[in-house]
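Please look over the structure below. The report that follows takes a few of its parts in turn.

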Amino acid sequence: MQKVKVLAGHIAFFFGALGILWLLLILAACIPNKALKGHMEQSALSYKEKEAFSFEKGARFWSISDNYADAILLNISWNMGKVQENDGINPVWASLDTCYYDGGDFGENAGLYLNVIDDKVEANTDYTRYWHGSAMFVRLLHLIMDVKGMKWAGLVATLFLAALTVGILIRHKHYDLAGALVLSMAAVEIWNIRLSLEYQPAFLIAFMLCPLYLYGERKKEQLLTYLSVLGGTLISFFDFLTTETVVLVLPLLLVVAVRGAENRLEDFKKNVKMLFWCGVSWFFAYGGAFLVKWTAASLATGENKFAAAFSSAGERMAGGLGTEGTVTFPLRIPAAVGANLTVLFGGEKRMDVPRVLIGLVVSLLILGSLFYLFYRKKGNKTALRLLGILGSVVLLRYMMLSNHSYLHEFFTYRALICPVFALLAGMTMFFRDPGGNK
């Protein structure tokens, strides 16, 4: 009976959270387009002449700005208000049947500009496989700023939440873990999420959840599965499939690292069970949010929205989307990992094996030197094993969605913040005495 109550509680929490998010999106869709047109025109104009993907800082892949995804997001958000004003569509329908004008031969960036300035342009591309929850903030913030201001606001908010997490670690005297988190953020150049709106939701959500996980794990472990439901729901609602694993893995890494540092980790199996149920909770919330969207959109439009969604999922796993003739499917699985490591080490092309090997060797030499200088005691085996399991989730994701991870390594590489932190946090376990002090 207790298990049934817990399950029912998690299901109710999922539908409650998704219902609130959906309601807020509907309310945002009710904002008249004329109220945000001035700033939206400025945003559309800023993308008009840009390439779909542009280098903002030299030729490094980590400096690529995804103007294509941003143009689609802004296009969809504008269209939510446009179809109501021009076609008399209700905001509930507008939040479900998410379409945009693709610009024809001119491309998505020009399509955004034409859609904003010309009321006669009609949406011609269906994109209902995502919730596009970020459109809520796009519409709201365009009342007071354009997209450039929104990008900076997103970066500032992310850094503020990250600083809050670092502050909590310092408050509990985990100076080494705080340093490990900062170094992990620097390793993936976290400041470059300013380059695109679509890079930001995963990190905003992750760093919003980190303090909650750190608080919840000290109060009641059951709170962690509820937070995992919340994380899965939020990332499914706001993200375009970028670095979704960070939302779950990074907070759990912090929980394991803190518990290991304070010698509060009990037996290995019990903690694996805790991580497992957090993963299950996140996964079903993440997938469940998609299923609700596809079901609701199918009912609203009378069209089968599942077919296109599953076709897109297959492309991201097995192929299509431009990889034919470059890397065959079996080789693309390890290549997806290599491509993301290439970006991490400052690569200027999709795959640079020598750069990856040199980067790994140099990193191991630096970490080995630190280990030699500061090694004090044997590390907490339970913590080390759990950190290793969690850190490998990101690499597993690269291999499972190999096509997506290979093609979009210029933003998926940021999920490496998790294995980098797992490695650094694991090293700190060797720099402490048995009492958990540095």
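## Helix α9

Helix α9 has 19 residues, which at 1.5 Å a residue should span 27 Å. Its end C-alpha atoms are 27 Å apart, so the span agrees. The expected span of a helix is 1.5 Å times one less than its number of residues. Helices here are DSSP runs (H or I, at least four residues), as are strands (E, at least two), numbered from the N terminus.

Helix α9 also bends, by about 25° at Cys210. The proline Pro211 follows within four residues. A bend at a residue is the angle between two fitted axes, one for the seven residues ending there and one for the seven starting there.

## About the model

This is a predicted model: local features need pLDDT of at least 70, side-chain atom pairs count only at pLDDT 80 or more, and totals for chains, interfaces and linings use all residues. Residues are numbered from 1 along each chain as its sequence is written, and side-chain values use heavy atoms, with hydrogens and water left out.

## Helix α8

Helix α8 covers residues 175–187, 13 residues in total. From first C-alpha to last it reaches 18 Å, close to the 18 Å expected at 1.5 Å a residue. Just after α8, Glu189 takes a positive phi of about 50°.

Which residues of α8 are buried? They are Asp176, Leu177, Ala178, Ala180, Leu181, Ser184 and Met185. Buried means under 20% relative accessible area, exposed over 50%, and partly exposed in between (1.4 Å probe, protein chains only).

Asn67 sits in helix α3 (residues 67–87). Its relative accessible area is 0%, so Asn67 is buried. Setting aside neighbours within four places in sequence, Asn67 is in contact (heavy atoms within 4.5 Å) with Tyr47, Lys50, Glu51, Ala52, Ser54 and Asn109.

Thr233 belongs to helix α10 (residues 222–238). Thr233 is buried too, with a relative accessible area of 0%. Leaving out neighbours within four places in sequence, Thr233 is in contact with Phe14, Ala17, Leu18, Leu21, Ala285 and Tyr286. Thr233 and Ala309 are 76 residues apart in sequence, and their C-alpha atoms are 18 Å apart in space.

## Salt bridges

Side chains of opposite charge can pair when their charged atoms come close. A salt bridge is a side-chain nitrogen of Lys or Arg within 4 Å of a carboxyl oxygen of Asp or Glu. By this rule the count is 15 salt bridges. One of them joins Arg60 and Glu348, at 3.8 Å from N to O. Arg60 lies in the loop between β1 (53–55) and β2 (64–66), and Glu348 in the loop between α14 (329–344) and α15 (353–374), so the pair ties together parts 288 residues apart in sequence. Arg60 is partly exposed at 29% relative accessibility. Glu348 is partly exposed as well, at 47%.

Lys305 and Asp126 form another salt bridge, at 2.7 Å from N to O. Lys305 lies in the loop between α12 (268–301) and α13 (306–318), and Asp126 in strand β4 (residues 125–126), so this pair ties together parts 179 residues apart in sequence. Lys305 is buried at 5% relative accessibility, whereas Asp126 is partly exposed at 33%. Lys305 also meets Glu303 in a salt bridge, at 2.9 Å from N to O. Glu303 is partly exposed, with a relative accessible area of 45%. Elsewhere, salt bridges that share partners join Glu217, Arg218, Glu221, Arg259, Glu262 and Arg264 into one network.
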